Amino acid sequence: MNKSILPVLVFLFGLSGGISKARPVTNDFGITQQGDDQMKWFKDAKFGMFIHWGLYTVPAKGEWLMGKTGMPPKQYRKYAYDQGDGDYFDAKNYDPAAWAKIAKDSGMKYMCLTARHHDGFALFDSHFTNAFTSVQTLHRDLYAKYVKACRAAGLRVGLYFSPIDWRYPGYFDVWGTNCLPNSWHYQTDPAHKENARIMKEEVYEQVRMLFKNYGPFDYIFWDGGWLGQKGSDRDAAFFWEPGKYLDPNNPWPVDAKYRDVDESGRPLGLMGIARKYSPNVICDNRSGWIGDFAVNEGNNPVTGPIRPYYWEKCMNLNKSSWGYNSRQYLETYDEIVATLVNCVVRNGNLLLNFGPDQHGVIPPSHAALTRRVGAWLEIVGDSIYGTRGGPWNPVDGRYGFTFKSGKYFVHLLSGYEGTEFTTPAISEKVMGCRDLFTGGKLNYTVNAGGALHITGLNRMAHPADTVVMITVRKSS
Ligand code: GLC
């Protein structure tokens, strides 16, 4: 589902393989989008590891179980404690260094772990009265370990945080006058307005906590400002105040005790806090603020032309759900490769999600699958990392292009049949052409218009994506 507002920014490409021009930046709610310099690592990285991990791993039916069934928070809390059968969120084999190793072996350059999902359970420390955290249940700050491991592995550190909190009926009824439909059958109640305010206060206390004590972060995945799971994140900005400052007249004021302020003492909104402590952080567009990059969520295929804005697709490795699920329905190796390539040729990134179990283990079959992707990237990484999509538009399901200085790459997907390919016209002098996976030289002719006709392609060596590297004389 696309709950996003797309940045209306134009990102122009030189058709002869020149480096893409700077994108204009927009100021939204007092915060200016990061420019190309801060976005560069993200544009170069292409592939990241998403992790959903929390109490929902115990029933193993995905992270939406509580929300779908309307499970009372009191009952849900039981997953955090041993009920005598040893089946609870014990995190006993939690080793974020092992996760980071899987990410690295899989060719991923950044990680993003759910600090808190819609159930409100925090993997970090929080002193808010209603907070429910792993520090309380296990006496362990799981998030601090994650951040440390991620940094130690040389990966960029991402924070996922959901303002949504199903523990609060007020989430569905912020005005206390019009309760939205919900699985718990909460009805309109004037007391919900204060309940919603407290929910917001908890978000502010926790976001400050995270940025002050765990940062700096490189990346934030805000998930879902949308209220009562209706409308867009933007529609809910009046409530969460995702921009630079808090409005002193907002009907849901955050108590001074939980606020953060700028150097002049003015109270900060969510992005104000984020940027205060992590000035270079880049954020998605799901808090109600415009975002530095757009999110394309889900396992559906990536199609269409090169997208003229920064974007990232997030997708589940186990299609069943984001959180650990006993139902295993995995993406195949070929699907993962094709999705990554389909993002990159359209100038996007892929954030691939893993759901470790209640003990903290990423299922070995999941790790083995993405390690295969990593082994392939080890060979053809030049055609992915540090490239830009284009300069020519892809053809859905069949092929696409990437480029960097002095090189063009043709990605022939499984839907492309044949052992020959003709490129659009190339203006620079062609110096050579090879199959990047096999390393073999390829025969080609250049026609009068500058198009390259390549023959003798080996489509069997790596059917998910045959990568052709065309080297050209660098334009000075
Ligand atoms: C949706 C879902 C959530 C998941 C997220 C990942 O917003 O509510 O469960 O974490 O997508 O993009």
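**Getting to know the model**

User: Hi! Where in the protein is confidence lowest, and where is it highest?

Analyst: Hello! This is a predicted model. In the protein, confidence is lowest in helix H8 (residues 237–240), with a mean of 96, and highest in strand E3 (residues 47–51), at 99.

User: And what does the protein average in pLDDT?

Analyst: The average is 94, and 95% of the residues score at least 70.

User: Okay, on to the ligand. How many residues surround it, and which are the closest?

Analyst: There are 13 residues around the ligand. The closest are His52, Glu63, Trp64, His117 and Glu297.

User: Which side chains have an N or O atom by a ligand oxygen, say Glu297 or His118?

Analyst: Both of those do. For Glu297, a side-chain N or O atom is 2.8 Å from an oxygen atom of the ligand. For His118, the distance from a ligand oxygen to a side-chain N or O atom is 2.9 Å. Tyr160 also has a side-chain N or O atom 3.5 Å from an oxygen of the ligand.

User: How much of the ligand's accessible area does the protein cover?

Analyst: The protein covers 96% of it; on its own, the ligand has 310 Å² of accessible area.

User: New topic: sheets. What is the order of the three strands in the open sheet with E16?

Analyst: The order is E16-E19-E18, and the pairing is antiparallel. Strand E16 (421–425) and strand E18 (443–446) are at the edges with a single partner strand each, so one side of each has no neighbour in the sheet. From one strand to the next, the twist averages 20°.

User: How many bridges are there between E16 and E19?

Analyst: Three bridges, with E16 and strand E19 (residues 451–455) paired in the antiparallel sense. If you want a spot to look at, find Phe421, which stands opposite Ile454 in E19.

User: What about the open sheet of five strands, what's the order there?

Analyst: That one goes E13-E14-E15-E20-E17, with antiparallel pairing. Its edges are E13 and strand E17 (430–435); each has a single partner strand, so one side of each is left without a neighbour in the sheet. Further in, E14 and strand E15 (residues 407–413) run antiparallel and are joined by six bridges. There, Lys404 stands opposite Lys407 in E15.

User: Which helix lies across E13, E14 and E15?

Analyst: Helix H10 (residues 333–344) does, and it also lies across strand E20 (465–472). H10 runs at about 140° to E15.

User: Last topic, the backbone. Which residues are joined by a cis peptide bond?

Analyst: Gly215 and Pro216 are joined by one, with omega about 0°. Gly390 and Pro391 are joined by another, with omega about 5°. Most peptide bonds are trans, so these are worth a look.

User: Where are the two prolines, Pro216 and Pro391?

Analyst: Pro216 is in the loop between helix H7 (192–213) and strand E8 (219–222). Pro391 sits in the loop between strand E13 (388–389) and strand E14 (399–404).

User: And what is the phi of His185, positive or negative?

Analyst: Positive, at about 60°, although His185 is not a glycine. Most residues other than glycine have a negative phi. You'll find His185 in the loop between strand E7 (156–161) and H7.

Definitions and conventions:
Residues numbered from 1 in each chain as written. Predicted model: local features only at pLDDT ≥ 70, side-chain atom pairs only at ≥ 80, totals over all residues. Heavy atoms only, no water. Pairing = 2+ DSSP bridges. Helix = DSSP H or I, 4+ residues; strand = E, 2+ residues; numbered from the N terminus. Axes fitted to C-alpha atoms, helices over the stretch in contact; angles between N-to-C directions. pLDDT = per-residue confidence, 0-100. Near = heavy atom within 4 Å. Polar contact = N/O pair within 3.5 Å; in protein donor to acceptor, adjacent residues only side chain to side chain. Areas by Shrake-Rupley, 256 points an atom, 1.4 Å probe, with all protein chains shown as cover. Contact = heavy atoms within 4.5 Å.
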